[in-house]
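This report goes through some helix contacts, a hairpin and a few aromatic rings. Please keep the sequence and the structure in view while reading.

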Amino acid sequence: MPHSHLAPWRERGARLCDALARPLIGLGVVVGRISSWLVLLVMLAVLTTITLNALGINEIARWNDSVVLFGKALTINSVTELQWHLFGILTLLGGTYALHRDTHVRVDLIYQKLSPQGRAVIDILGHLLMLIPFCLLIAWLSKHFVSMSYLSNEQSNYGGLTDRYLIKAMLPIGLVFLALGALGQILRNLAGLFDPARLEPSSTKEEPIHG
């Protein structure tokens, strides 16, 4: 609960920052939860590849009209490439969830020894000066990467997946989600600096979407 003795401007600032942070953090949590189901698809793709290899089967099915990603046939190469790409999408979209749950890797010697306010300042500076600029820069530069794949109709040369631009588009999309999540973290930490009662030790954080 907010401190009752806070100056009115600090209380208003905390409420405003928290209100702006909630949808951004909630979006990242929802996307992360949805992307977690891709683990099952990756497992299914791996098991399918192993089974088809054991049976010596290459082409699983063929049809007349072209289907997005699979073209006119489903082959063992399609399934093999699909497992790689699904894992990449899982990593890109799951990064935002890891950020909000504070389960990402930290390499530091002083962060955990700081006060909640000190950790909030470090997080704000790190997200503002490093994480968000990196995400936006790579997302911007990868636009050319995606457009070239689309214009050249890039696809597998070995009977695998088609429409590879859809897979490559997940790079800028995932990084934009991460940048938005980092912005939500900045706003939440700002709310904590306005009202220190909102800051909690990392080990006791609940799901951001409920907090």
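The model described here is a predicted one.

**Helix packing**

Helix α2, residues 38-55, packs against helix α3, residues 76-101, at an angle of about 155 degrees. Their axes are 9 Å apart. Because an angle over 145 degrees counts as roughly antiparallel, α2 and α3 are roughly antiparallel to each other. The crossing of these two helices, α2 and α3, is left-handed.

The crossing of α4 and α6 is left-handed. Which classes of residue make up the contact of α4 with α6? The contact has 22 nonpolar residues, five polar ones and one charged one.

Strand β1 covers residues 59-67 and strand β2 covers residues 71-75. The two strands run antiparallel, and four bridges join them. A61 has L74 in β2 as its bridge partner. V67 stands opposite G71 in β2.

Three residues lie between the strands of this hairpin. L69 is in the loop between β1 and β2. Most residues other than glycine have a negative phi. L69 is not a glycine, yet its phi is positive, at about 75 degrees. Is L69 buried or exposed? Its relative accessibility is 17%, so L69 counts as buried, the cut-off for buried being under 20%.

D163 can be described in the same terms. D163 sits in the loop between α4 and α5. Its phi is positive too, at about 50 degrees, although D163 is not a glycine. D163 has a relative accessible area of 17% and is therefore buried.

G71, the residue opposite V67, belongs to strand β2. With a relative accessibility of 7%, G71 counts as buried. How far apart are the C-alpha atoms of G71 and L161? They are separated by 7.2 Å, while the two residues are 90 residues apart along the chain.

A54 gives another such distance. A54 is found in helix α2, and is exposed, with a relative accessible area of 68%. The C-alpha atoms of A54 and L171 are separated by 34 Å, and these residues are 117 residues apart along the chain.

**Aromatic pairs**

A pair of aromatic rings is described by the distance of the centres and the angle of the planes. How many aromatic pairs are there? The count comes to two. The table gives the values for each pair.

| Pair | Centre to centre | Angle between planes | Kind |
|---|---|---|---|
| W9 and F194 | 6.0 Å | 85 degrees | edge-to-face |
| Y150 and Y165 | 4.9 Å | 80 degrees | edge-to-face |

The pair of W9 and F194 links distant parts of the chain. W9 lies in helix α1, residues 8-35, and F194 lies in helix α6, with 185 residues of separation between the two. W9 is exposed, with a relative accessible area of 53%. F194, with a relative accessible area of 23%, is partly exposed.

In the other pair, the angle of 80 degrees between the planes of Y150 and Y165 is why the pair counts as edge-to-face, since that kind needs planes over 60 degrees apart. Y150 lies in helix α4 and Y165 in helix α5, residues 164-168, so the pair ties together parts that are 15 residues apart in sequence. Y150 has a relative accessibility of 53% and therefore counts as exposed. Y165 is partly exposed, with a relative accessible area of 24%.

Note on methods:
Residues numbered from 1 in each chain as written. Predicted model: local features only at pLDDT ≥ 70, side-chain atom pairs only at ≥ 80, totals over all residues. Heavy atoms only, no water. Left-handed = near helix turned anticlockwise from the far one by under 90°. Nonpolar A, V, L, I, M, F, W, Y, C, P; charged D, E, K, R; others polar. Phe/Tyr/Trp six-rings, centres within 6.5 Å; stacked < 30°, edge-to-face > 60°. Buried < 20%, exposed > 50% of the residue type's maximum accessible area, 1.4 Å probe, protein only. Pairing = 2+ DSSP bridges. Axes fitted to C-alpha atoms, helices over the stretch in contact; angles between N-to-C directions. Parallel < 35°, antiparallel > 145°, perpendicular 65-115°, else oblique.
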